[in-house]
Amino acid sequence: MAWDFETDPEYQKKLDWADEFVRTEVEPLDLVWEHEQFVPLDGTRRKAIQPLKEEVRRQGLWATHLGPDLGGQGYGQLKLALLNEILGRSSWAPIVFGCQAPDTGNAEIIAHYGTADQKQRYLQPLLDGELFSSYSMTEPQAGADPTQFQTRAVRDGDDWIINGWKYFSSNARTASFLIVMAVTNTDVSPYKGMSMFLVPADTPGINIVRNVGLYGEPMNDGSHALIQYENVRVPAESLLGGEGQAFVIAQTRLGGGRIHHAMRTIGLAQKAIDMMCERALSRTTAGSRLADKQFVQGYIADSYAQLAQFRLFVLHTAWKIDKYNDYKKVRKDIATAKIVMPTVLHDIAWRAMQVHGALGTTNEMPFFRMIHGAGVMGLADGPTEVHKTTVAKQVLRDYEPTDGMWPTEWIPGKQEAARAKFAEYLEHEVGNQ
């Protein structure tokens with residue numbers, strides 16, 4: 001019987017090294033180059049960051065989710081989950097370890113569906129950490145319903161011409177290429193009439209109208225682009241996968257991306273718990289430590305329980321991805337992790353903020369950034385409400401309606417069946433009275 005919650009000692013040593021490395025070498029990058037994670041390295045930052053990447057490679061922890069043929073270690077999603085608990089504490093850590101979103105998802109679909117030429121041109125530099133990419137799917141009028149997408153790609157000889165608008169195309173301003181989802185056939189279902197294209201960022205006609213930021217960031221200085229594609233001409237070999245395969249490809253990409261977000265959220269939420277506990281032990285008010293106040297003890301206990309449950313579920317989901325190597329079989333669990341994730345991060349960060357008092361609400365502590373991040377997680381890669389309907393439909397497939405008027409567990413009916421089952425014993429019992 002295989003049932004084990006232990007990490008093998010060899011990989012645990014790597015995790016212990018990563019924990020120390022991220023704390024001492026990577027987390028300081030967040031304070032020096034706070035918003036430059038997806039800006040290609042210049043001379044100064046390269047001198048500081050490239051040696052860190054090389055050390056990660058020497059430790060065998062670069063792009064752990066990818067196979068050796070793609071420059072990774074082939075560790076799979078479960079080991080990546082354990083590593084991401086550590087990486088989630090730092091916004092620079094995924095970059096240094098070669099597993100940053102959205103590039104991980106983009107690399108995964110190019111690896112699955114790209115031609116040899118596409119892999120050489122786009123995938124290898126992406127895996128080497130020398131460039132960044134953007135996933136350009138969402139549209140202004142159809143955030144959660146891709147069947148309403150209007151961006152078109154029309155065949156013109158040996159080329160495709162793309163026209164339309166895309167929104168929230170992450171890191172488009174610094175990306176070297178974009179993966180664009182467009183309607184290529186209006187005569188069939190949207191699920192069969194859309195395709196994906198690999199488009200170099202310097203292609204004429206790609207007009208970034210605004211770089212939308214999150215709350216608190218300067219206007220037009222964010223990382224989520226509103227883009228107008230205006231007669232963008234790309235060659236036929238830019239098609240990723242077959243024509244009409246966009247939805248199949250998207251599920252491969254988004255499935256992995258959603259679980260990666262969940263993995264990193266665990267680390268971020270744990271960081272909030274760490275700060276909350278430190279504060280509780282350090283601060284005295286009304287005659288005793290915060291740690292001795294029952295309200296604060298409740299915050300700590302609730303946070304620990306909430307995160308422990310979520311962590312086990314995410315690890316189990318990652319294990320299932322590795323076991324089946326088929327995101328469709330794990331769709332229900334991935335969607336469930338996506339549902340739970342924003343609430344876990346929000347609740348724990350909010351409690352930690354409360355324990356820190358007024359200081360917790362300031363920009364000298366990271367709690368509101370975490371809380372805001374929880375809001376983003378509830379909408380990115382599909383809103384929580386949509387995922388709830390997905391989970392419900394998947395769960396209901398394992399059930400059947402009752403044949404009669406009464407529920408299966410209706411006690412009077414079950415009593416009658418139970419008495420019929422043991423009738424001879426009951427008759428014997430009555431006869432002996």
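How many cavities of 30 Å³ or more does a search of the whole structure find? The search finds one. The structure here is a predicted model.

**The cavity**

About 70 Å³ of space lies in this largest cavity. Its lining includes Ala63, His65 and Leu66. Gly98, Cys99 and Gln100 also line the cavity. So do Asp103, Thr104 and Ala107, along with Leu126 and Leu127. Two elements give two or more residues each to this lining: helix H5 (103-113) and helix H6 (116-127). H5 provides the largest share, three residues. By class, the lining of the largest cavity has six nonpolar, four polar and one charged residues.

**A pocket**

The second largest pocket has a volume of about 610 Å³. Its lining counts 16 residues. Which of them lie nearest the centre? They are Asp4, Phe5, Leu78, Leu315 and Trp319. Helix H3 (76-87) and helix H8 each supply at least two residues of this lining. The largest share, six residues, comes from H8. Sorted by class, the pocket lining has nine nonpolar, two polar and five charged residues.

**Two helices in contact**

H8 also meets another helix. A pair of packed helices is described by the angle between their axes and the distance between the axes. The axes of helix H8 (residues 294-324) and helix H9 (residues 331-355) come within 10 Å. They cross at roughly 155 degrees. That makes H8 roughly antiparallel to H9, because angles over 145 degrees count as roughly antiparallel. The crossing of H8 and H9 is left-handed. The contact of H8 with H9 has 14 nonpolar, six polar and five charged residues.

**Strands around S7**

Strand S7 (residues 224-235) pairs with strand S3 (residues 159-170). Strand S6 (residues 206-212) is also joined to S7. The table sets out both pairings.

| Strand pair | Sense | Bridges |
|---|---|---|
| S3 and S7 | antiparallel | nine bridges |
| S6 and S7 | antiparallel | six bridges |

Which residue of S7 is the bridge partner of Ile162? The partner is Val232. Asn207 stands opposite Gln228 in S7.

**In brief**

The largest cavity holds about 70 Å³, and H5 gives the largest share of its lining. H8 gives the largest share of the lining of the second largest pocket, and H8 crosses H9 at roughly 155 degrees. S7 pairs with S3 over nine bridges and is joined to S6 by six.

Definitions and conventions
Residues are numbered from 1 along each chain as its sequence is written. This is a predicted model: local features need pLDDT of at least 70, side-chain atom pairs count only at pLDDT 80 or more; totals for chains, interfaces and linings use all residues. Side-chain values use heavy atoms; hydrogens and water are left out. Axes are lines fitted to C-alpha atoms, for helices over the stretch in contact, and angles run from 0 to 180 degrees between N-to-C directions. Helices (H or I, at least four residues) and strands (E, at least two) are DSSP runs, numbered from the N terminus. Angles under 35 degrees count as roughly parallel, over 145 as roughly antiparallel, 65 to 115 as roughly perpendicular and the rest as oblique. A crossing is left-handed if the near helix is turned anticlockwise from the far one by less than a right angle, and right-handed if clockwise. Ala, Val, Leu, Ile, Met, Phe, Trp, Tyr, Cys and Pro count as nonpolar, Asp, Glu, Lys and Arg as charged, and the others, Gly among them, as polar. On a 1 Å grid over the protein atoms alone, a cavity is a set of points where a 1.4 Å probe fits but cannot get out, and a pocket is an open set with protein on both sides within 12 Å along at least five of seven lines; lining residues have an atom within 4 Å of a point. Grid points are joined across faces, edges and corners, and a volume is the space filled by probe spheres set on the points. Two strands pair if DSSP finds at least two bridges between them.
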